[in-house]
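Have the coordinates open while you read this short tour.

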Amino acid sequence: MPSAAHVDDIDDKDLIQISNKPHALLPFLQLQSATSLSRLYQSPSSCLSIFRLLDALERQLVMNLLWLESAIAQTTLGVWVFQEKKKLYDDALDMLSKLHILHIHSAKLSLNGTFKTSLRHAITGGGTTGSFGVPAEKDEKRPPMDVEGLDAYALERWETILHFMVSSGTGQNPTRPSQGVLYLLQRSGLMSNQHGSLPQITSAGFQFLLHPPHAQLWDLLLQYLHMAEERQMDLVEVLTFFFMLSTMELGREYLTENLSQTQKAMLDDLRDYGLIWQRRPTSRRFSPTRLATTLNSSSPSLPTGASTGAGAASGSQQQQGFIVLETNYRVYAYTDNPLQTAVLNLFVSLKYRFPNLVVGSITRDSVRRALNNGISADQIISYLITHAHPQMRKFNPLLPVTVQDQIRLWELEKDRLKSQEGYLYTSFASQGDYELVRDYAKQLDVVVWENDAKRCFFGTLEGHANIKSFVERRGVGGDY
Amino acid sequence: MAGSHLSVVIDLSPSQWHLSSLHQPYPLDISAFISQLLAFLNAHIAFKHENTLAVFGAFPGKSTLLYSSADPPAETPSNDANYFPPLKLVDSTMMHRIVQNLETLTQNNGDDKAPSALVGALTKALCYINRLTLEFNAATTNATEGLEPLALPDSRILILSVSPDQTASYIPVMNSIFSAQKLKVTIDACQIYGPDTVFLQQAAHLTGGSYIYLERRDALLQYLTMAFLPPPSVRQTISVPTQDKIDFRAACFCHKNIIDVGFVCSVCLSIFCQPVPVCSTCRQVLLTKFPFKTLQRLNAARSSLPSSPSQPRNSSAPSSPQKTNGRTPSRTEAPLGPGGLPHSGSISLNNSTTNGAISSR
């Protein structure tokens, strides 16, 4: 069960932030052309999944319009909205129209015809698109993999990828994921290959590790979509297949026969990521895992979500949260999962290890190491909050304030010096010259620092061309 | 974030649905109703991956659970590539169970005239939500830590009724409302056919829900979608219709009539349509004393006013409260001494015309 309703202020604030942020896929969809989107909307399962990725308000607006045959005036729908929440409503309309779900035409609102038909089909059944996947008949000789088996498989695959990332560069040699996964990790900038033959994790990769599993999955899939564009794959088919997977039923086998060539090619990749399971690579059947079937749950994957892919993907230990943080910067992590230990090792200096417990402390050095890797203080804090042990949840605020503040201070410490490129203007002949040029530069708002006594000032890079020509013009003019 | 839970209570009284299908100008028969209802339920399931649903049917004389997403039936529906599996499951289970129940009803015929067990279904819905709340708290280990149990976020009950008020069920309805308040459950109500119901109006008002008297029965689905689909969190942005006028009248405990003016026991707050010397609920002979002098004054003042025309069911409101009715549950005609205690009195329950106006904005 999710821990959404905790009494903690910070927790609540984080949740609000999450709920206000549109799903990672939606900006990508907005960039697609209207024609590809309307091809995508021909499939009821895609419509249903996109519908679920929308914000709650947007979903309600879509439902309000779904059963109407004709367009209605914008004001008719507007009167249902509280005046002080008008902005949310306008934002929602804006988002929907950017996705080409909603047509706003001369102050009248109507749903995209294709989207409307498909979503109606999704809700009432019917149609002949077969977009929810063709289930395979039961095979008595070879029963499908059971749910536990699928979960274990998905977990193993996913943790292999994460563990490979986190332990790169530490000298250990974890199991290497397949070539396709490695390529994806490098393409997405989560790992880089420049320091030799072994790929190294980048700062983006470190940030990625602290994301909740659901966001991680979508991050990778988004990268996959970008890669698909380069590989000349049909983006609509790729998306349709993702959405089809997300509406499939866990523990059931589906046939590959109705899939297009592109989608069949995708099976190999998705098997590597742990989204689907196949008995043999050539098998004509496949089963989606929990990673795939929870793709369209828009909720952030909280660690306690026993029924979501998140819980499964990040280990059984994590279902209840496992980290205890004390005011003396000590961290007790009740886990024996090597991945979780490795992630903690990013910003905690670990001291002891026991069969089910890891003890360490947050120190200035350990946090600075994390900051240098590109991890921000907020990410550390939010990781600690999401994975806090149930015992910790009794406290308000959840994390000791001293530790939170100190982590933030350590981050600020890093920002004491700020560098900026520019030019230093010195050795003016007279105070008048100096003031004239300085005032001109001030008008352009390019002065970073000035010292009247020494008759010099520092201008930004952008202002240099202007100042230079000004000085030359004045010099030629011979006013002085 | 948890999904929202919706428990739907549907009134499946065959006789009322028969009347509804004949009603002009907007007839609605039960099959059209169920198909629109299923579209609404599917929309709720489709709304969010984590949304849960329970449907309770109120048949004449009995109530049953028709569908629950917590314990889905064992048999899975046949393979269909064109239908989202969870939605198909809802549809097939609901249809199967409704038909099954209506068939048993026709076999034990004669019971058709019994009023539908709407209150029973409502109580079951509340128990169900209570169970979910307990499970939710067990999962967050709050219960074991001795902390205040958390309310289930975003849970609500929707009552779709076609029957008139059963005045006999006033006390159970009020008790259900109080439990709903305690569980922080919103009760929405929709009267699809028949007269406005007093009790459902009060249930919706007291729990912060929405009550709609369906006038255009052909637009049922649109009403359901716009007014009852938004979960409580969305209702902070999109308003749902609330009542302008609420009928706050109560039913008396003695004859189960809905009354305009009632007499309240000063000890246990039981409501009577006539002053009684002994409260039938708490039997407090000495304390329950109605101030008869005030009453006479009140009555004199009332008689000068025309009787309110808007209360058609108010047939047995006492015209002269002094007269003791033979059916009163009092056993002794205790003489009421002078100096009736000041803490007992009569209250006017007819608030609907004075301060019951509540607008949506």
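This is a predicted model: local features need pLDDT of at least 70, side-chain atom pairs count only at pLDDT 80 or more; totals for chains, interfaces and linings use all residues.

Leu269(B) is exposed, because its relative accessibility is 60%; exposed means over 50% relative accessible area, buried under 20%, and partly exposed in between (1.4 Å probe, protein chains only). Leu269(B) sits in the loop between β9 (261–264) and β10 (271–272) of chain B. Helices (H or I, at least four residues) and strands (E, at least two) are DSSP runs, numbered from the N terminus. Although Leu269(B) is not a glycine, its phi is positive, at about 65°.

Residues are numbered from 1 along each chain as its sequence is written, chains are lettered from A and ligands numbered from 1 in the order in which they are written, and side-chain values use heavy atoms, with hydrogens and water left out.

**Loop and strand in chain A**

Tyr329(A) lies in the loop between β9 (323–325) and β10 (330–333) of chain A. Is Tyr329(A) buried, partly exposed or exposed? Tyr329(A) counts as partly exposed, with 22% relative accessibility.

Ala333(A) belongs to strand β10 of chain A. Ala333(A) is buried, its relative accessible area being 0%. Which residues touch Ala333(A), once neighbours within four places in sequence are set aside? They are Phe322(A), Ile323(A), Leu344(A), Asn356(A), Leu357(A) and Val358(A), where contact means heavy atoms within 4.5 Å. The C-alpha atoms of Ala333(A) and Gly321(A) are 9.1 Å apart, and the two residues are twelve apart in sequence.

**An open sheet in chain A**

In chain A, three strands make an open, antiparallel sheet in the order β1-β3-β2; two strands pair if DSSP finds at least two bridges between them. The edges are β1 (72–73) and β2 (102–105) of chain A, each with a single partner strand, so one side of each has no neighbour in the sheet. Four bridges link β2(A) to strand β3 (residues 108–111) of chain A in the antiparallel sense, and His103(A) has Ser110(A) in β3(A) as its bridge partner. Helix α5 (residues 56–66) of chain A packs on this sheet and touches β1, β2 and β3 of chain A, its direction making about 90° with that of β3(A). Axes here are lines fitted to C-alpha atoms, for helices over the stretch in contact, and angles run from 0 to 180 degrees between N-to-C directions.

**An enclosed strand in chain B**

Strand β4 (residues 155–161) of chain B has seven of its seven residues buried, so this strand is largely enclosed by the rest of the structure. In a regular strand the side chains alternate between the two faces of the sheet. Both faces of β4(B) are covered: one side carries Ser155(B), Ile157(B), Ile159(B) and Ser161(B), the other Arg156(B), Leu158(B) and Leu160(B), all buried.

Strand β1 (residues 5–11) of chain B runs parallel to β4(B) and is joined to it by six bridges, with Leu6(B) opposite Arg156(B). Six bridges also join β4(B) to β5(B), again parallel, and Ser161(B) pairs with Gln191(B) in β5(B).

**Whole chains and confidence**

The accessible areas in the table come from the Shrake-Rupley method with a 1.4 Å probe; for residues, only the protein chains shown count as cover.

| Chain | Secondary structure | Buried residues | Accessible surface |
|---|---|---|---|
| Chain A | 22 helices, 15 strands | 51% of 480 residues | about 22,300 Å², 51% from carbon and sulfur atoms |
| Chain B | eight helices, eleven strands | 50% of 361 residues | about 16,000 Å², 58% from carbon and sulfur atoms |

Among contacts in chain A between residues at least 6 apart in sequence, 65% join residues at least 24 apart. In chain B, residues 24 or more positions apart make up 70% of the contacts with a separation of 6 or more.

How confident is the predictor about chain B, and what is its average pLDDT? The average is 75, and 73% of the residues score at least 70; pLDDT is the predictor's confidence in each residue, from 0 to 100. Among the elements of chain B, strand β5 (residues 186–191) has the highest mean pLDDT (92) and strand β11 (residues 345–348) the lowest (36). Over residues 306–361 of chain B pLDDT stays under 50, and for this stretch the model has 92 contacts beyond four places in sequence.
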